[in-house]
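Okay, thanks everyone, let's get going.

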Amino acid sequence: MGFPFKMPTFGLEILWPMKKLKLPPCVSGNNRWALPEVRQVSIIGGSGVGKSSFMEELTRLNEERAYCISALSAPFPEREVSERPGSIDMQFAEAVRNRPYIRTDAVSELDKLAYMLFADEFEYLLSVKERKEEGEGSVRLVPTRLDRIARLWEKVFPGNRIVRTPGQLMFSTASGSDIITLERLSRSEQAVLYYAAAVLYAMPSAVIFVDAPSLFLHPSLLTNLWNSIEELRPDCTFVYNSVDVEFVSTRTSNACIWVKSYDVDSVTWDYEVLPPGNLTDELFVDLIGTRKPVLFIEGDARHSIDARLYPLVFPDCTVRPLGSCDKVIETTRTFNDLKSMHHLESKGIVDRDRRTAPEVAYLRRKSVMVPDVAEVENLFLLEGVIKAMAKRRGRDPLNVFSKVSAFVIAEFSRRYDEQALQHVRHRVKREVECRIDGRFACITAMETHLRALPSILAPRRHYDELREKFRDILRKKDYAEILKVFNHKPMLGECGVARLLGYGSKDEYVAGVIATLKEGDEEGIKIRNAIRFAFSLDLMEQQEVAPKKKQEVAPKTQQEIVPKKKRREEAGSALTVTSVSKPGRGSETPQPKKKKRKRKKRKNRKPELKEPNNRKSNNKTAEKGVIKI
């Protein structure tokens with residue numbers, strides 16, 4: 001259900017279920033938002049887009065109900081005292097004026113909250129005593145603020161307790177033998193105590209602004225802690241300014257305000273209130289906080305080679321692993337469909353596996369990149385990668401590559417029948433899935449269609465065609481084509497590339513390639529370019545590596561193609577003319593020594609006459625920065 005709002009002179013105003021929340025002016029000029037019924041708001045966006053200033057303006061516009069808390073400054077006295085009505089500082093100042101027995105030496109927010117908790121506890125106990133003395137009989141006790149904090153404390157830290165002692169709060173561990181003061185608590189424990197106490201002192205129906213709610217807190221505490229804190233004040237709206245994706249995704253009734261940019265001169269922001277969409281909340285929140293293109297890949301963030309390799313090959317992208325190839329394809333499509341909401345370029349990468357050429361072409365049209373190798377492990381067997389690593393390890397690149405390629409070709413020759421069968425199986429499976437999904441008027445029509453499938457699918461014909469194609473690859477010893485069609489994960493370990501390069505295992509070899517990419521030296525650039533070339537991204541990133549001497553040597557010009565004898569005759573003639581034109585020589589005939597010396601001088605100047613290197617001129621686009629996908 002959405003909530004209408006009007007556009008007053010000071011900005012936008014949203015009608016919330018609890019109270020209406022005024023929003024700052026929006027650059028886009030939208031005059032209506034569709035919002036779910038929530039009392040949790042998260043301010044999200046990339047770095048430097050104006051999230052903090054947006055929250056400050058939001059606080060100013062809702063000043064009559066604004067209540068700001070931050071664990072960053074809570075334990076420290078070195079801060080500016082807040083004069084906002086209802087703030088912790090103002091409440092403490094009022095308590096000191098009305099209760100002369102309160103200690104006045106508290107300077108930090110945390111100390112002020114502790115003093116007020118004790119004062120409230122003291123006054124409640126006095127009220128209970130007075131009511132008993134007045135003859136009310138048994139007085140039913142109600143939980144005080146300190147009681148509620150103590151219950152929350154024990155829920156968050158099982159076995160620990162808050163101990164009431166004369167004059168101050170003390171804290172015990174599970175054993176009960178180690179009693180410590182508030183000052184000796186860890187920053188995480190102080191943050192929990194501060195948030196719980198501060199929220200209980202917010203005014204009724206407050207808009208509680210929380211800056212960096214996950215600061216100092218262990219991720220395992222976040223969900224239960226903030227759920228419990230929000231339960232303490234069901235009348236309040238919580239507004240979080242956070243860059244913690246995990247925290248934002250834990251808010252179950254959350255609306256995200258995505259801040260895109262800030263115009264300082266007009267004091268306006270470009271922002272949107274985001275619906276959940278088809279992506280998971282966590283993924284969407286994570287991605288809209290970046291300004292870089294998004295690259296979805298297979299595998300998981302911890303264990304897959306993809307997640308370790310692709311961020312280094314595509315450093316200009318925000319790389320996010322999603323698991324299965326189907327998830328990558330679907331998420332890439334969905335994210336591109338939502339481009340009007342985030343304005344980010346997005347692509348995906350899936351392994352080629354046994355996909356046919358039409359399948360690959362279809363995926364590429366849908367912004368899903370497919371490499372010219374069967375699987376990600378084969379990228380580590382590319383000729384450019386092996387030779388670059390051989391040079392880095394002090395081995396002979398040609399020798400290492402020839403041995404690895406010979407093994408791969410031999411292994412493929414043993415398994416090409418099996419590989420052809422697997423390719424046919426993949427093709428038949430895909431075509432059956434497509435053809436079985438048709439609509440049939442009756443069961444007879446469906447049976448007729450199914451009986452005709454073997455002749456339509458023609459598995460043996462495809463098998464024979466593939467076997468012939470694979471035999472042709474073997475006859476040509478086309479190593480690159482073998483990597484494109486050969487799905488055999490053990491090959492990276494069996495081919496001996498790790499041993500030939502001095503590594504103990506294939507995992508060490510993979511780690512070596514990753515480390516080389518991270519260093520970004522000459523070999524790292526070659527490896528990156530070799531892998532990008534496998535995605536048809538063959539533009540060189542020239543600015544990352546200095547040109548080598550051989551790049552400065554140009555191809556032979558037309559002058560250099562002239563036969564040597566004729567060039568010598570022309571050079572001699574030129575030297576003779578030069579010697580005549582210069583005065584003071586004493587003779588018009590040049591001496592042999594001078595002629596020889598001048599020939600030598602001309603020979604040394606010869607490289608200056610050469611034309612610029614073509615390779616250098618072909619990389620003009622690389623001077624502008626790293627090529628984006």
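So, to start: which helix gives the largest share of the lining of the largest cavity? That's helix 5, residues 187-200, with 4 residues. Quick housekeeping before I go on: this is a predicted model, where local features need pLDDT of at least 70 and side-chain atom pairs count only at pLDDT 80 or more, while totals for chains, interfaces and linings use all residues. Residues are numbered from 1 along each chain as its sequence is written, and side-chain values use heavy atoms, with hydrogens and water left out.

The overall picture, then. The chain has 27 helices and 15 strands; those are DSSP runs numbered from the N terminus, helices being H or I with at least four residues and strands E with at least two. Of its 629 residues, 45% count as buried, and buried here means under 20% relative accessible area, with exposed over 50% and partly exposed in between, using a 1.4 Å probe and protein chains only. If you take contacts (heavy atoms within 4.5 Å) between residues at least 6 apart in sequence, 66% of them join residues at least 24 apart.

Back to that cavity. The structure holds 1 cavity of 30 Å³ or more, and the volume of the largest cavity is about 40 Å³. Volume is the space filled by probe spheres set on the points, which are joined across faces, edges and corners. Among the residues lining the largest cavity are Leu 110, Arg 187, Tyr 194 and Phe 216. By class it's 7 nonpolar, 1 polar and 1 charged, where Ala, Val, Leu, Ile, Met, Phe, Trp, Tyr, Cys and Pro are nonpolar, Asp, Glu, Lys and Arg are charged, and the others, Gly among them, are polar.

Now the second largest pocket. There's about 640 Å³ of space in there, lined by 26 residues, with Cys 68, Ile 69, Ser 70, Arg 84 and Asp 211 nearest the centre. Its lining splits into 11 nonpolar, 8 polar and 7 charged. Helix 1, strand 4, helix 2 and strand 8 each put in at least two lining residues.

Next up, strand 3, residues 40-44. Why call it largely enclosed by the rest of the structure? Because 5 of its 5 residues are buried. Gln 40, Ser 42 and Ile 44 are on one side, Val 41 and Ile 43 on the other. Strand 3 runs parallel to strand 9, joined by 4 bridges, and parallel to strand 10, joined by 5; pairing takes at least two DSSP bridges. Ile 43 is partnered with Asn 241 in strand 9, and Ser 42 sits opposite Cys 256 in strand 10.

Last, two single residues. Ser 304 sits in the loop between strand 12 and helix 9 and is buried at 10% relative accessibility. A polar atom of its side chain is 2.7 Å from the backbone oxygen of Asp 300. Leu 457, in helix 16, is buried too, at 7%. Leaving out residues up to four places away in sequence, Leu 457 touches Val 428, Glu 431, Val 432, Arg 435 and His 462.

Key
Polar contact = N/O pair within 3.5 Å; in protein donor to acceptor, adjacent residues only side chain to side chain. 1 Å grid on protein atoms, 1.4 Å probe; cavity = no way out; pocket = protein on both sides within 12 Å on 5 of 7 lines; lining within 4 Å.
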